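Subject: the two-chain model, handed over

Hi,

Here is the structure I promised to send you. Have a look at it first, and my notes on what turned up follow below.

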Amino acid sequence: MCLGVPGRILEIDDMTATVDFWGVRRQIRLDIVDVPCRIGDYILNHAGFAIRRIPDETIGDTLSLYEELLGSPEDDLMGADVRGELEAARRNGDA
Amino acid sequence: MPDRLGEAREVKFRDPELAGELGRTLVSLVDDIDRAPITLMHVCGSHEQAIAKYGLRATFPKALDVIMGPGCPVCVTDAPEVDEGVWLARQGINVATFGDMLRVPGTRHSLADAQSEGGKVHVVYSAAQVVSMARKDPSQEYVFYATGFETTAVATAAVLLSDPPPNFSVLSAHKYVPPAMEVVAQNPASRVEGFLAAGHAATITGYGLFEPMAEKYGIPIVVAGFEPLDILAGLVELVRLVRDKSPRVFNAYPRCVSREGNQPALRMMWQVFQTSSGVWRGIADIPDGNLRMRPEFECFDARKKFSIDASVYASEADLALVKDCICGGIMSGLASPPDCTLFRNRCDPQHPVGACMVSSEGTCKIWYEYGGRPDLSEAGRT
Ligand code: SF4
């Protein structure tokens, strides 16, 4: 749960953003994040809220870590956690 | 049963050169201290997952013992708190919670039991989702069974502050980590000489929060991210502070964490929640360790809205197996999963006895899946 999942902002409507997580679109609230976010920015999602904007210079590293996790074997605990978050977003996506 | 214990996996770092340098620095700092064990505690399920998954323990010097403390919010949810959710579900009320909570044992029953009896227990991914469920179905009551540390409590608070419908309420089992670290620091039986604090929680709370604690207990605290390199870098700083007998706070995750944290988020959290003392499963009564809703939010507080009476379950307790579970000792840093006679024996992820085997952030489950402390003699590394 502490891990969160990174995604890219596609649209912003006031305090709600439509965010793409590896092809899954979901509405994410922007109330908590303490720096202004724009379309194209990457954010880290925690339980439906962006908890921070991922600084440009670390986007590549962050995404490759998650890609490695997503590509890990089915019974891998950490990979399963990230896949579970994405699956939950897919099932419950408002977008 | 996968037996991966003792298997020292190859660690894959994106920057092997930096990893090698950090590893060597760690060895030389531990050599400087020249005694064993040097015990450091982290308090984050994601830290333990990364340490175990990437086989980091195999790269640590032998004298360095890095253990997981009370870093799994699901694991520390006490049985009577689970009972409250079970009671609500048995009254026909919709109870929605995170997937990890489902199989956590209550005194006698889990939420999964309540669900299989026909109770309306839903797995959700955010509090906001429960609000939409409640809006779509105004004739029914929806309770969000809220678990998680500071970071998750902020999300719950934000939802409560954005005008939820009257048929929505929250059963808060949110926990606040810093007081639990203090309990560990105070425990005379504890060998913990330094804390590695969780990066994402500190994104919200700021690292300044730990400064009074470091000073009061004379213990260094380093905030670290959860990528393998972040963890190594954090440990290097922490061991350096131990060597220098310098009980300070160091921010090893500056790209995400500031001293003051996320002030708007903290304001939201403290507007809705206040701390209260309460039992963390198996560990202790932690003063200020629980986050309960303030009286102003009474109309959304499931404990106030429904007269929950979960005491009925207490008398039904079947403690035969549970009494051998040492989750509490593990989370206090006094024991490791292999010290439990049930580990891999009568307790596994399919048949969990304690909450530490249920949650993907629980030490027992992580050690079951990835192995724990590697046997370096087997790997030819001693
Ligand atoms: S192995 Fe099972 S019974 Fe033993 S401490 Fe862990 S969760 Fe408890």
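How much area do chain A and chain B bury between them, and what part of it is on carbon and sulfur atoms? Keep in mind that this is a predicted model. In it, the two chains bury about 3,400 Å² between them, with 59% of that on carbon and sulfur atoms. In terms of residues, 37 from chain A are in contact with 43 from chain B.

Polar links across the interface come next. The rule finds 11 residue pairs in polar contact between chain A and chain B, counting pairs with both residues at pLDDT 80 or more. On the chain A side, five elements each supply at least two of the residues that touch chain B: strands E3 (24-29), E4 (42-46) and E5 (49-53), plus helices H1 (56-70) and H2 (77-92). H1(A) gives the largest share of that side, 8 residues. By class, the chain A side divides into 18 nonpolar, 8 polar and 11 charged residues.

Now for the salt bridges. The count over all chains comes to 16. Which elements does the pair that crosses between chains come from? B:Lys53 sits in helix H2 (residues 45-53) of chain B, and A:Asp76 is in the loop between H1 and H2 of chain A. The closest N and O atoms of these two residues are 3.0 Å apart. Across the interface of chain A and chain B, the rule finds 1 salt bridge.

On to the strands of chain A. Strand E1 (residues 5-13) and strand E2 (residues 16-21) run antiparallel and are joined by 5 bridges. They form a hairpin with 2 residues between them, and A:Asp14 in the turn has a positive phi of about 55°. Two of the pairings here are A:Asp13 with A:Thr16 and A:Arg8 with A:Asp20. E2(A) also pairs with E3(A), again in the antiparallel sense, over 6 bridges. That hairpin has 2 residues between its strands as well, and A:Trp22 takes a positive phi near 45° in it. A:Phe21 has A:Val24 as its bridge partner in E3(A).

What else does E1(A) join? Another partner is E4(A), which runs antiparallel to E1(A) and is joined to it by 4 bridges. A:Arg8 turns up again here, standing opposite A:Tyr42 in E4(A). So much for chain A.

In chain B there is a hairpin to look at too. Strand E10 (residues 273-280) and strand E11 (residues 284-293) run antiparallel, with 7 bridges joining them. One of the pairings is B:Gln274 with B:Arg292 in E11(B). The hairpin has 3 residues between the strands, and B:Gly282 takes a positive phi near 75° in it.

Most residues other than glycine have a negative phi, and most peptide bonds are trans. Against that background, B:Ala36 and B:Pro37 are joined by a cis peptide bond, with omega about -10°. B:Pro37 is in the loop between helix H1 (16-33) and strand E1 (38-42) of chain B. The other spot is B:Asp163, a residue other than glycine with a positive phi, near 55°. You will find B:Asp163 in the loop between helix H6 (150-160) and strand E6 (168-174) of chain B.

Last, the ligand. Which kinds of residue make up the shell around it, by class? There are 11 nonpolar residues and 1 polar one, with no charged residues. The residues around the ligand include the cysteines B:Cys325, B:Cys327, B:Cys340, B:Cys347 and B:Cys364. Also in the list are B:Ile326, B:Ile330, B:Leu342, B:Phe343, B:Val353, B:Gly354 and B:Met357.

Happy to talk any of this over once you have had a look.

Cheers

Conventions: Residues are numbered from 1 along each chain as its sequence is written. Chains are lettered from A and ligands numbered from 1 in the order in which they are written. This is a predicted model: local features need pLDDT of at least 70, side-chain atom pairs count only at pLDDT 80 or more; totals for chains, interfaces and linings use all residues. Side-chain values use heavy atoms; hydrogens and water are left out. Contact means heavy atoms within 4.5 Å. Buried area is the accessible area (1.4 Å probe) that two parts lose on being put together, summed over both. A salt bridge is a side-chain nitrogen of Lys or Arg within 4 Å of a carboxyl oxygen of Asp or Glu. A polar contact is a pair of N or O atoms within 3.5 Å; within protein, one must be able to donate a hydrogen and the other to accept it, and residues adjacent in sequence count only if both atoms are side-chain atoms. Ala, Val, Leu, Ile, Met, Phe, Trp, Tyr, Cys and Pro count as nonpolar, Asp, Glu, Lys and Arg as charged, and the others, Gly among them, as polar. A residue is near a molecule or strand if one of its heavy atoms lies within 4 Å of it. Two strands pair if DSSP finds at least two bridges between them.
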